[in-house]
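Please read this briefing alongside the sequence and the coordinates.

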Protein chains: 2
Amino acid sequence: MQNPSSVLRVGILGGGQLGRMLLQAAANYPVETRVMENDPECPAGHLCHHFVKGDIKNFDDVLQFGKGLDALTIEIENVNVEALEQLEKEGVKIFPKPSVLRIIRDKILQKQYYQQHQIPTASFVITQNSEDLKKQESFLPAVHKLATGGYDGRGVQIIRSKEEFEKGFDELSVLEKLIPVQKEIAVLVAINEKKETALYPPVEMHFDPVLNLLDYQLCPAGITTPTLYKVEAIALTVAKNFNSPGLFAVEMFVDKNGDVFVNETAPRVHNSGHHTIEAHYCSQFDMLWRILLGYPMGNTKQVLDSVMINLIGNNGYSGPAIYEGLDVVLKMENAFVHIYGKKETKPGRKMGHITIISREKQDLLHKANQVKHSIKIIS
Amino acid sequence: MQNPSSVLRVGILGGGQLGRMLLQAAANYPVETRVMENDPECPAGHLCHHFVKGDIKNFDDVLQFGKGLDALTIEIENVNVEALEQLEKEGVKIFPKPSVLRIIRDKILQKQYYQQHQIPTASFVITQNSEDLKKQESFLPAVHKLATGGYDGRGVQIIRSKEEFEKGFDELSVLEKLIPVQKEIAVLVAINEKKETALYPPVEMHFDPVLNLLDYQLCPAGITTPTLYKVEAIALTVAKNFNSPGLFAVEMFVDKNGDVFVNETAPRVHNSGHHTIEAHYCSQFDMLWRILLGYPMGNTKQVLDSVMINLIGNNGYSGPAIYEGLDVVLKMENAFVHIYGKKETKPGRKMGHITIISREKQDLLHKANQVKHSIKIIS
């Protein structure tokens with residue numbers, strides 16, 4: 001990066017909603033944006049300077065895409081890391097570094113990373129196949145996770161007793177002890193090239209037990225001050241040891257004793273940071289641009305408390321999306337709608353989100369419930 | 001508009017910074033966006049679903065562009081109104097209505113509109129040419145404005161004495177009595193199809209006396225409550241009598257007696273509303289989408305006080321833009337940078353803006369000055 005004031009060329013691998021929101025924020029800065037994705041009609045496809053149709057998992061496609069860029073980032077971990085390593089050698093800034101992606105994309109390496117850095121995480125065993133899994137009856141209840149390829153609730157199964165072994169995976173996986181979760185917390189950590197760090201306040205996540213998808217999320221999280229300190233220290237330790245600039249969403253469990261366990265980390269803008277667009281001074285998307293472009297860090301403080309609700313394609317509908325009830329939500333004070341522009345809805349597909357901000361925290365859950373009862377995404 | 005939940009197709013005539021910011025906001029909604037502009041490298045060109053290269057002043061180009069759209073809006077008044085009238089007949093929603101543009105784009109008709117609706121405005125005479133102008137010595141000091149074609153400080157001259165007649169225009173123009181201005185105020189009024197209205201708090205504008213371009217702007221304006229009520233009532237009267245949905249920026253002068261005079265009105269998103277992106281719950285851009293898409297009105301209240309500073313190309317530099325001092329501004333707490341992505345800077349050209357929000361109003365002017373001394377746009 002020769003000159004921080006000239007227009008830099010930055011690429012994004014993946015063109016989903018995270019790319020879309022990154023590009024909304026990019027238009028505030030002098031930057032030329034490029035997106036690679038197989039589907040030109042993807043959520044981010046029309047919001048960049050140059051769209052490149054290509055396979056983010058293909059070595060040649062990624063290498064070709066990255067040549068001559070100043071910086072490159074991802075909106076999904078499942079990309080060709082070998083090509084990124086080659087581009088890194090050629091001087092392209094890859095944030096997060098490919099070395100981080102190698103760890104993150106493999107749930108076994110990720111667990112070993114936590115162990116190695118003495119980061120508390122649920123104990124685990126590695127299973128090669130179904131046979132292997134069935135030997136672990138004494139380890140139950142546990143969570144079975146595919147080592148690679150899982151995403152957004154796919155590739156994760158809770159196995160409470162031996163009768164449920166059939167839900168497990170017949171592939172290389174990790175079996176983690178089930179933590180008796182009291183709260184699920186996520187902390188976003190930003191790290192720039194100067195190794196300066198900034199933490200967003202922890203959020204409290206509530207999941208849909210059926211879809212295993214984020215249902216709604218409160219900020220700030222309702223945790224005690226000692227837990228807050230613990231959560232922040234752990235998130236910082238997780239992020240800093242990667243030795244990479246970028247944004248890191250560290251998901252943690254808090255149990256009844258206030259003990260904290262890292263669940264997993266996403267080295268990118270993340271669903272748990274969507275509320276930062278309206279509720280915080282510097283959004284997670286703005287922050288990543290600041291890091292990519294070499295600008296100073298932004299202010300992670302919240303302007304107001306917030307709740308964020310994911311909009312998920314309703315069961316029983318597949319096809320061109322229709323959004324029922326948007327009017328009801330848009331009539332609510334300080335509810336912000338984000339529809340991702342996906343052409344087709346599918347049961348459980350993330351189609352958008354809604355953030356509500358308020359000076360009254362009590363207000364938020366009530367309004368979140370209103371939203372959930374008002375909106376239907378059908379076809 | 002058959003179905004408020006299906007994806008509507010909306011066009012924008014003009015691809016400048018207003019279009020750019022409109023498109024950043026559009027990506028929150030299920031809408032397919034189209035932009036027409038002659039230059040594909042314009043600020044808004046890469047942020048829409050379909051860019052159409054064309055002349056917004058050309059009948060055929062505008063007609064062709066608008067065919068089959070659900071709604072159409074403008075980011076500059078200087079468009080082909082005849083084509084818009086034809087499209088309106090064909091059922092395309094044009095917000096603001098072409099009838100409004102006919103009035104606004106002609107400064108004489110605009111003055112007559114204010115007269116007709118008993119809206120206070122500086123008294124005026126019409127001048128056909130230089131000869132005509134020179135007969136108006138007794139009317140001085142006054143402001144001479146080209147009837148049509150003026151924009152962003154061009155086509156306006158202050159004439160204080162007969163020695164300055166040569167600065168006037170040798171074309172159809174309007175000569176307005178110079179108001180001894182104490183404050184320049186702007187109020188944004190939103191009106192939807194149901195004729196519901198929403199007012200943004202008045203802003204106080206400070207102009208560069210040389211360039212006649214907005215220098216910085218404070219929100220809320222420092223005016224007394226009686227003046228506030230007057231300003232709001234006048235802005236509402238101006239906007240409502242157009243009988244058109246849309247967003248209306250009503251610029252007013254307040255003199256030492258607290259008397260209010262309408263200067264001019266822009267029937268669109270406007271420079272005086274840029275601060276609403278960060279400082280208000282619903283930005284002017286979000287609001288226009290709500291109106292175009294038939295959604296409920298948003299909340300115009302401010303989250304925090306704000307100051308907005310235009311970033312203008314420095315004198316002596318023409319060519320590919322370089323932004324000096326962005327780092328200094330991005331280090332300031334709660335300063336938000338918007339660079340418009342114009343390839344070339346020119347002296348006086350609007351290249352971007354910066355909004356600062358704060359809980360301390362005293363803080364704002366101090367920070368605005370810091371910004372102005374930190375940033376240089378050169379080539």
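In chain A, the C-alpha centres of domain 1 and domain 2 lie 33 Å apart. These belong to a division of chain A into domain 1 (8-94), domain 2 (123-177) and domain 3 (181-378), with bounds that come from an automatic or database domain assignment. This is a predicted model, in which local features need pLDDT of at least 70 and side-chain atom pairs count only at pLDDT 80 or more, whereas totals for chains, interfaces and linings use all residues. Residues are numbered from 1 along each chain as its sequence is written, while chains are lettered from A and ligands numbered from 1 in the order in which they are written.

**Relation of the two chains**

**Contact between chain A and chain B**

- Chain A gives 32 residues to the contact and chain B gives 32 residues.
- On the side of chain A that touches chain B, at least two residues each are supplied by α1, β18 (322-324), α10 (326-331) and β19 (335-339), the elements being DSSP runs numbered from the N terminus, with helices (H or I) of at least four residues and strands (E) of at least two.
- The largest share of this side, four residues, comes from α10(A).
- By class, this side of chain A has 16 nonpolar, ten polar and six charged residues, where Ala, Val, Leu, Ile, Met, Phe, Trp, Tyr, Cys and Pro count as nonpolar, Asp, Glu, Lys and Arg as charged, and the others, Gly among them, as polar.

**Helices α1 and α9**

- In chain A, helix α1 (residues 17-26) packs on helix α9 (residues 284-293) at an angle of about 70°, with the axes 8 Å apart; axes are lines fitted to C-alpha atoms, for helices over the stretch in contact, and angles run from 0 to 180 degrees between N-to-C directions.
- α1(A) and α9(A) are therefore roughly perpendicular to each other, given that angles under 35 degrees count as roughly parallel, over 145 as roughly antiparallel, 65 to 115 as roughly perpendicular and the rest as oblique.
- Met21(A), Leu22(A), Ala25(A) and Ala26(A) of α1(A) make the contact with Phe285(A), Asp286(A), Leu288(A) and Trp289(A) of α9(A), a set with seven nonpolar, no polar and one charged residues.
- In chain B, the axes of helix α1 (residues 17-26) and helix α9 (residues 284-292) come within 8 Å and cross at roughly 70°, which makes α1(B) roughly perpendicular to α9(B).

**Helices α2 and α3 of chain A**

- Helix α2 (residues 59-66) and helix α3 (residues 81-89) of chain A pack at an angle of about 30°, with their axes 8 Å apart, and α2(A) and α3(A) are therefore roughly parallel to each other.
- The contact joins Phe59(A), Val62(A), Leu63(A) and Gly66(A) of α2(A) to Glu82(A), Ala83(A), Leu84(A), Gln86(A) and Leu87(A) of α3(A).
- By class, this contact of α2(A) with α3(A) has six nonpolar, two polar and one charged residues.

Note on methods. Contact = placed C-beta atoms within 7 Å.
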